[in-house]
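Please have the sequence and the model open while I talk.

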Amino acid sequence: MSESPTADVAAPLPEPDWQRLHPATLALAIVKLGPRSLNFLPAVAALGFTGNWVYIVPAILLFILFSLVGAWLRWLRFRFLVGADEIVIESGVLSRQHRTIPFDRIQDVGIEQGLVARALGIAKVGFETGAGGAGKENDANLDAIGLDAAQALRTTIRAHRSAPVAVVPVATTEGEAAPVAAADEDKLLFAMGPRQLIIAGLFNFSLAALAVVGAGMQFFDNLLPFNIFDPRDWVDIAEDYGLDQWVVAHRWVAGIGGVVSLLLIGFASGVVTMIFANWGFRLTREPRSLRRTRGLTTRTDVAIPVRRVQAAILVTGWFRKRFGWHELRLQSLASDGEKEKDHQVVPFAQLADIDPVLAEIAIPRAAEDADWQHSHRIVALGGFVGAVGATIGGLTAVSFGQPLGWFGPLTGVLIGAGSLFGARFHRWIDLGDQVAIRRGMWKPKTTLLPHASVQSADLKTDFILRPLGLATLVFGVPGGSALASHEIPAIPRSVAEALRARILTAKARV
Amino acid sequence: MTDIDTVHPTDPFDPQAINTSEGLDPVDPRYTNVLRITTAMNLIPLAIGASVFDALLIRHLEGPYGLITGLAWLIAIFMIISFPARRMQRWGYKIGEGQLRVARGWLFRTDTIVPFVRVQHIDVGQGPVERWFGLSHLIVHTSGTHNSTVTLPGLPADLAAAMRETIRRHIQTDFA
């Protein structure tokens, strides 16, 4: 197993300088036990239902004991070695796994700290190797090591990457010398202060939190003496306190109160989620990458190699657009965490603040007054099919005597009108070395796609587009979500063919 | 809108009309047999299942026994006999000028171009049915999320190998 180059370096020593995870990781395992014990609940319930109450406490104790012993064994059997130009990780209690990752192949070193991890001064280090396909579990990570060790490790890997020929210092450096040297070259591109966070949060208005609260209320329905979403319960309470006459007399007060509380919940949840996610947001330019740190409870530190950026995506909303606020995402080979596919590098900013970031990755923004081309209106057809479906479904329900079915035709008309109106927002423009695609009315989304990122191009026609002489161009671009491919829908076929020929002759990005 | 004449095949009864109008080469006609056999292998078990269902259930319910069986076999035989030839004609490809072009389908037609320099790696595959007819399929992998694999079936085995060599040479010259 030790045929790696590092073994040659440490050849005289029988045991190279293996390191373990931080002992505080065990404390983290105890914290993680909380959510995991939910899995154990059915067993407890089963014991309770069968009447074996005496076994419940021993069973829980046994579960905790087994989990802790398991965590301890995993910690004991996990070790890693930072070599001169690679990192070796050995893990597994019963089936051992030996993994060697050359520094050259590490695209991105991410540092992530949860709330407990920050209290303990440890951090999770993730290595993004860009190995395609199989998903996140394919990438190695160290969960967790001390924060200073994590930063030193990243500096080591960065130093190796930025100076491939230079002799790399001893890998397990504890010193601060290297980070200082690297920090000199960093340039702050974008940061968010508390004020901007609050503005962003206000635009982040969402009633999704209300749904969560509502679901929670459903769940705890039996615990509360009344349902806060049921007006009749409020009337009951009001009667108890003699409020009913007053409320009936001033019914509008109740209405306004409801609206105000809804708005308050919507704004408060928007601000809170924005602050939790983006507290202390900093985007800096490093020699080879953009580096983003953010988060209030869970702090993440992610580097996005500039050469790996495939496309830039500008997202805004129909309302915030009027105030010039935009969000910038970068599509890269690596994905941003488990949920997000694209890296959010600017959560909320004016275009003037976004342009410098775009300049760093050499993807300039298309001018607003440029010669944008429109897609054919036929793109509204999908919405029309949905509208017809909703109408038919609703009318069927009405014919069965369900008055709520009238919502069907109503939403059908709305969907139809919306898709017809939204079809005007499908636009594109070819800028010579990149193509910009814009779509969406509620959430206008502009994709800036360099020609060189396009790996393949489909020209699609079907029985509807063909008689109209139209075609849809679909681009194969590395990274991003498989569901959201980049496409220019319903443009004249000759234009599409010419555009495809231009794009595919582009040289690879340097 | 501008050139509907070139978009529509001139003669709907000419099997090569689509490909010639778009400047594509047809795949090997033997691919029809491959499609026919794979369709049969999919549909005949379904038809047998429908017959068993008919015999076990509908007969005991005193329903119209025989209707489902007859329909299932009729549809299966119709699809096995008539469709494969058409599906074969809808495939087309063109190799050259540093790129591979693959087109397929008619109702929903997709015409894909992969420049050779964008190819990550190439597979030439041969299933048991294809081997029977001396055919292979070529699979080109790109790093794009959409179109990460582009498959071109119905190639004579030696032609598929030759195409693979052509593409491979281009990949090498690009990185050299």
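Before that, a word on conventions: residues are numbered from 1 along each chain as its sequence is written, while chains are lettered from A and ligands numbered from 1 in the order in which they are written. What you see is a predicted model, in which local features need pLDDT of at least 70 and side-chain atom pairs count only at pLDDT 80 or more, whereas totals for chains, interfaces and linings use all residues.

Let me begin with chain A as a whole, where there are 16 helices and 20 strands; helices (H or I, at least four residues) and strands (E, at least two) are DSSP runs, numbered from the N terminus. Chain A has 510 residues, of which 31% count as buried, and buried here is a matter of 20 or more other C-beta atoms lying within 10 Å of a residue's own, with 12 or fewer called exposed, anything in between partly exposed, and the C-beta atoms placed from the backbone. If we take contacts in chain A between residues at least 6 apart in sequence, 56% of them join residues at least 24 apart, a contact being two residues whose C-beta atoms, placed from the backbone, lie within 7 Å.

Which strands stand at the edges of the open sheet of 7 strands in chain A? The order in that sheet is β6-β5-β4-β10-β9-β8-β7, with antiparallel pairing, where two strands pair if DSSP finds at least two bridges between them. The edges are β6 (141-146) and β7 (187-191) of chain A, each of which pairs on one side only, and neighbouring strands of this sheet are turned by 20 degrees against each other on average, direction ignored. Inside the sheet, β4 (residues 108-113) and β5 (residues 122-128) of chain A are joined in the antiparallel sense by 5 bridges, and Glu112(A) stands opposite Lys124(A) in β5(A). Helix α13 (residues 351-360) of chain A lies across β7, β8 (282-285) and β9 (289-294) of chain A, and runs at about 135 degrees to β7(A); for such angles, axes are lines fitted to C-alpha atoms, for helices over the stretch in contact, and the angles run from 0 to 180 degrees between N-to-C directions.

Further along chain A, the axes of helix α14 (residues 381-399) and helix α15 (residues 407-422) come within 7 Å and cross at roughly 170 degrees. The two helices, α14(A) and α15(A), are therefore roughly antiparallel to each other, given that angles over 145 degrees count as roughly antiparallel, under 35 as roughly parallel, 65 to 115 as roughly perpendicular and the rest as oblique. Among the residues of α14(A) that meet α15(A) are Gly383(A), Gly386(A) and Gly393(A), and those on the α15(A) side include Gly408(A), Gly412(A) and Gly416(A). By class, this contact of α14(A) with α15(A) has 10 nonpolar, 11 polar and no charged residues, where Ala, Val, Leu, Ile, Met, Phe, Trp, Tyr, Cys and Pro count as nonpolar, Asp, Glu, Lys and Arg as charged, and the others, Gly among them, as polar.

Now to the interface, in which 27 residues of chain A are in contact with 24 residues of chain B. On the chain A side, β18 (456-462), β19 (470-476) and α16 (493-504) are the elements that give two or more residues, and the largest share, 7 residues, comes from β18(A). That side of chain A has 12 nonpolar, 9 polar and 6 charged residues. Strand β18(A) is also joined by 6 bridges to β4 (residues 108-115) of chain B, the two running antiparallel, and the bridge partner of Lys460(A) in β4(B) is Thr110(B).

In chain B, helix α3 (residues 31-58) has 28 residues and reaches 39 Å from its first C-alpha to its last, close to the 40 Å expected at 1.5 Å a residue, the expected span being 1.5 Å times one less than the number of residues. The buried residues of α3(B), which include Tyr31(B), Leu35(B) and Asp54(B), pack against α4 (67-90), α5 (128-133), β6 (135-142) and β7 (149-156) of chain B. The axes of α3(B) and α4(B) come within 8 Å and cross at roughly 170 degrees, which makes α3(B) roughly antiparallel to α4(B).

Lastly, β6(B) and β7(B) form a hairpin with 6 residues between them, and Asn147(B) in the turn has a positive phi of about 65 degrees.
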